[in-house]
Amino acid sequence: MHRTERRLEILKLWVDPVDMAGALMTVERFVDHGERPHSVFAVNPEKNFSVPRDPDLHEQFKNADLLIPDGIGVVLAARLLHRARLSRVPGVELMGEICRLSAAKGYRVFLYGAQEEVSAKAAELLGRRHPALQIVGRANGFVPEHEMPALVARINASGAQVLFLALGSPRQERWFAQHAGELTSVRVCQGIGGTLDTIAGTVRRAPRFWCRLNLEWLYRLLAQPSRIRRQRALPLFAGKVIIAKLKRLVLPHRSADQFFTSP
Ligand code: UDP
C-alpha cells in the first residue's frame, strides 16, 4: 500500500483506516510487489505518549508503511476525532493471519525476539498450527550488538520475506530503523511485541469474552498488575482525545495538532 492520504491523525500519532482483511491485503501486496522491507507497526494509546518523546522514533512511525489500530482506545479516538468507523486489528491476530497467508502462499518467515525457550516453543507451535508454514529461521531477542551483523546475514541467507520482530516496543521499531536497509529478501516486518509469549503460553491472552467487550486492556492489567505504569496512559489518552474533540467543536477552523504543539 502506498501511505494513504486517508491516514488518520490521532493526537500525536497516526493510524491507517484498515480492517483485518485490508491489512492482510496490504501485507500481501508488500510481499508480492514490494522491493524493500515494509514496516507494520501497531498503534495504541500508550505509544501516543512514549513515541513522540524520541524524534527519530516519531519519524519512524510517521513513515511507517502500515499503522494498524491495535487497541480499542485508538478505534474510539478515530471515531470521535474523525467520525471514522474502524474496527480493531490486534497485532497478535494480524500475525496469525499473516502466518496463515504465508503458509498458503509459500512466504518464508523468520522470527526474531523473545526469550530462547519462548521463541523455540512458539516456532514449534506455529509449525504445528500451520503445517505448510516455512519458518526458515529464528533468533531470540537477546542477541548482543556485536553479533547483529551475523544475525542480519542469517536473515538474508534464509531468504525470509516476512520478519516478525518480537522485541517489544520501542526496541523493535528502533531495530527496524537501524537495519531495514541491510535486509535483502525481507518485504514485511511486523512489530509483534510480546506475541510469541502469548503463542508459547507464557503470557495468556484475554479470553474471548473480555475481548468481545473490548476489555482486553483490563484483563491484562488484572493479570499483570505491574502493567499499571503503562496503562496509566489510557485515561490520559481518553482525556486528551475528549479535549481535542471539544476544542474542534468550539474552534473548528483549528487543526487538532495546534492544540498539542502550541506552547
Ligand atoms: N524482549 C526481547 N529482547 C529484549 C527485551 C525484550 O526479545 O531485549 C522481548 C520479551 O522477551 C518479550 C517482548 O520482547 O517477549 C516484550 O513484550 P511486551 O509485552 O513488553 O511488548 P509489547 O507487546 O507491550 O510491546
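**Entry 1: A114**

I looked up A114 and found that it counts as buried, at 9% relative accessibility. For my own notes: buried means under 20% relative accessible area, exposed means over 50%, and partly exposed is what falls in between, using a 1.4 Å probe and protein chains only. I am working with a predicted model, where local features need pLDDT of at least 70, side-chain atom pairs count only at pLDDT 80 or more, and totals for chains, interfaces and linings use all residues. Residues are numbered from 1 along each chain as its sequence is written, and side-chain values use heavy atoms, with hydrogens and water left out.

A114 sits in the loop between strand 5 (108-113) and helix 6 (116-129). Helices here are DSSP runs of H or I with at least four residues, strands are runs of E with at least two, and both are numbered from the N terminus. I also noted a positive phi near 75° for A114, which is not a glycine. Most residues other than glycine have a negative phi, and most peptide bonds are trans.

I then found L11, another non-glycine residue with a positive phi, about 50°. L11 lies in the loop between strand 1 (8-10) and strand 2 (13-15), and L11 is buried at 8% relative accessible area.

Which residues does a cis peptide bond join? I found S169 and P170, with omega about 10°. P170 belongs to the loop between strand 7 (162-166) and helix 8 (171-179).

I went back to helix 6, which has 14 residues and reaches 20 Å from first C-alpha to last. That is close to the 20 Å expected at 1.5 Å a residue, where the expected span is 1.5 Å times one less than the number of residues. Its buried residues are V118, S119, A122, A123, L125 and L126. The cover over them includes helix 5 (91-105), strand 5, strand 6 (134-139) and helix 9 (195-200).

What does H130 contact, leaving aside its neighbours within four places in sequence? I listed G96, C99, R100 and A103, with contact meaning heavy atoms within 4.5 Å.

I traced an open sheet of 6 strands in the order 4-3-8-7-5-6, with parallel pairing. Two strands pair if DSSP finds at least two bridges between them. Strand 4 (66-69) and strand 6 are the edges, each pairing on one side only. On average, neighbouring strands are turned by 20° against each other, direction ignored.

I zoomed in on strand 3 (residues 38-43), which 4 bridges join to strand 4. A42 has I68 in strand 4 as its bridge partner. Helix 8 lies across strand 3, strand 5, strand 7 and strand 8 (188-191), at about 135° to strand 7.

**Entry 2: helix 4 and helix 13**

Last, I checked helix 4 (residues 72-82) and helix 13 (residues 233-250), whose axes come within 9 Å and cross at roughly 10°. That makes the two helices roughly parallel; angles under 35 degrees count as roughly parallel, over 145 as roughly antiparallel, 65 to 115 as roughly perpendicular and the rest as oblique. The axes are lines fitted to C-alpha atoms, for helices over the stretch in contact, and angles run from 0 to 180 degrees between N-to-C directions.

From helix 4, residues including V74, A77 and L81 take part in the contact, and from helix 13, F237 and V241 are among them.
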